[in-house]
Amino acid sequence: MHYYQTICILSPVIATKANNSSPNAKAVIEIKNLRIVYPGRGPKHPPKIAIKDLTLAVYEGETFGFIGPNGAGKTTTMHVLLGFIQPTAGEAYIFGVNVREPIARQRIGYLPELTYYYKFLTAEELLRFYGRLFSIPQPELDRRIDYLLKLVDLGQVRGKPIKTYSKGMQQRIGIAQALINDPDLLILDEPTSGLDPIGRMKIREIIQRLKSEGKTVFFSSHELGEVETVCDHVAILHEGELKTLGSVQALINQYKMDLEKIFLKVIGYPSAN
């Protein structure tokens with residue numbers, strides 16, 4: 001069972017409280033009053049608030065869905081966590097370390113929405129390259145590569161160039177790359193984007209496998225059926241503002257509808273009932 005710290009988020013739509021009944025639960029991600037403002041470019045382009053005072057926490061061992069329409073601020077938030085951009089105000093922590101400071105990258109795996117690899121490399125060569133960046137000893141690296149290629153169902157094509165892979169296969173080797181260092185936290189930005197139903201199913205199976213291994217997974221997705229299936233908790237973001245936060249089951253029980261309909265209702269989509 002995964003636990004969640006008591007957080008109360010107020011919004012025009014709903015105030016959600018998620019309970020943490022265990023004092024021993026460790027926060028892997030903590031975001032406190034985070035604000036991101038992009039500077040304006042003259043009178044016709046005023047400053048843009050990308051994230052509005054976001055507060056949430058993700059706990060060890062849980063799978064957390066970070067969802068919202070395009071432009072909601074999901075990727076921006078992830079980039080703050082990874083240290084790619086600096087917050088305008090507020091704080092964010094990973095493993096208790098402020099993301100403004102150098103953090104333990106060894107413990108983090110990341111899959112961006114748009115991946116690019118040297119496609120003349122094979123899957124095995126790609127994983128070996130990233131493993132060496134992490135200074136993984138050769139015997140351990142060999143074991144990790146064998147395990148990960150089996151995990152993502154690419155063992156039989158390990159020697160083929162990535163340029164011959166389908167979109168789904170390329171996404172799966174991207175997940176394997178994100179796992180090469182055996183991270184405690186995996187951050188996935190739209191891991192099923194552009195995939196067919198079979199490709200989405202395979203990614204979902206991988207996430208469920210990681211969940212069963214106790215990994216903490218923080219990911220964004222537009223495939224809300226998959227989020228509902230694999231996630232312990234979700235946060236719904238709209239126009240940079242957190243609209244609701246809580247366990248998937250608690251939200252379904254409260255609204256008496258599935259996650260997709262809850263999502264449409266919370267963001268104020270006109271046809272949502």
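Before the details, a word on what we are looking at. The model is predicted, so local features are taken only where pLDDT is at least 70 and side-chain atom pairs only at pLDDT 80 or more, while totals for chains, interfaces and linings use all residues. Residues are numbered from 1 along each chain as its sequence is written, and side-chain values use heavy atoms, with hydrogens and water left out.

Let me start with the whole protein. It has eight helices and twelve strands, where helices (H or I, at least four residues) and strands (E, at least two) are DSSP runs numbered from the N terminus. The radius of gyration is 19 Å, close to the 19 Å that the globule rule gives for 273 residues, so the protein is as compact as a globular protein of that length; the radius is taken over C-alpha atoms, and the rule is 2.2 Å times the number of residues to the power 0.38. Along the principal axes, the C-alpha atoms fill a box of roughly 55 × 45 × 40 Å. Buried residues account for 48% of the 273, with buried meaning under 20% relative accessible area, exposed over 50%, and partly exposed in between (1.4 Å probe, protein chains only). The protein exposes about 13,300 Å², of which carbon and sulfur atoms supply 51%; these areas come from the Shrake-Rupley method with a 1.4 Å probe, and for residues only the protein chains shown count as cover. If we take contacts (heavy atoms within 4.5 Å) between residues at least 6 apart in sequence, 66% of them join residues at least 24 apart.

Now to the sheet. In what order do the four strands of the open sheet stand? The order is β4-β3-β6-β7, and the pairing is antiparallel, where two strands count as paired if DSSP finds at least two bridges between them. β4 (48-59) and β7 (97-98) stand at the edges with a single partner strand each, so one side of each is left without a neighbour in the sheet.

Within that order, β3 and β6 pair over five antiparallel bridges, and here Ile31 stands opposite Ala92 in β6. Strand β6, residues 89-94, pairs with β7 over two bridges, again in the antiparallel sense. In this pairing Ile94 has Val97 in β7 as its bridge partner, and Tyr93 stands opposite Asn98. The hairpin of β6 and β7 has two residues between the strands, and Phe95 takes a positive phi near 55° there. Across β3 (27-38), β4 and β6 lies helix α1, residues 74-81, running at about 115° to β3; the angle, on a scale from 0 to 180 degrees, is between N-to-C directions of axes fitted to C-alpha atoms, for helices over the stretch in contact.

Strand β11, residues 233-238, and β12 run antiparallel and are joined by six bridges, with Thr244 in β12 as the bridge partner of Ile236. Two residues lie between these strands, and Glu239 in the turn has a positive phi of about 50°. Strand β12, residues 241-247, is mostly covered, since five of its seven residues are buried.

Which residues of helix α7 (residues 248-255) are buried? They are Val248, Leu251, Ile252 and Tyr255. Seen down the axis of α7, these buried residues fall within an arc of 100°, so they line one face of the helix, the arc being that of the directions from the helix axis to the C-beta atoms. After α7 comes Lys256, in the loop between α7 and α8 (259-266). Lys256 has a positive phi of about 60° although it is not a glycine, and at 71% relative accessibility it counts as exposed.

Two further residues deserve a mention. Asp182, in the loop between α4 and β9 (185-189), also has a positive phi, of about 50°, without being a glycine, and at 41% relative accessibility Asp182 counts as partly exposed.

Is Ala178, in turn, buried or exposed? Ala178 lies in helix α4, residues 167-179, and at 1% relative accessibility it counts as buried. Leaving aside residues up to four places away in sequence, Ala178 touches Gly109, Tyr110, Leu111, Pro183 and Leu186. The C-alpha atoms of Ala178 and Ala92, 86 residues apart along the chain, are separated by 21 Å.
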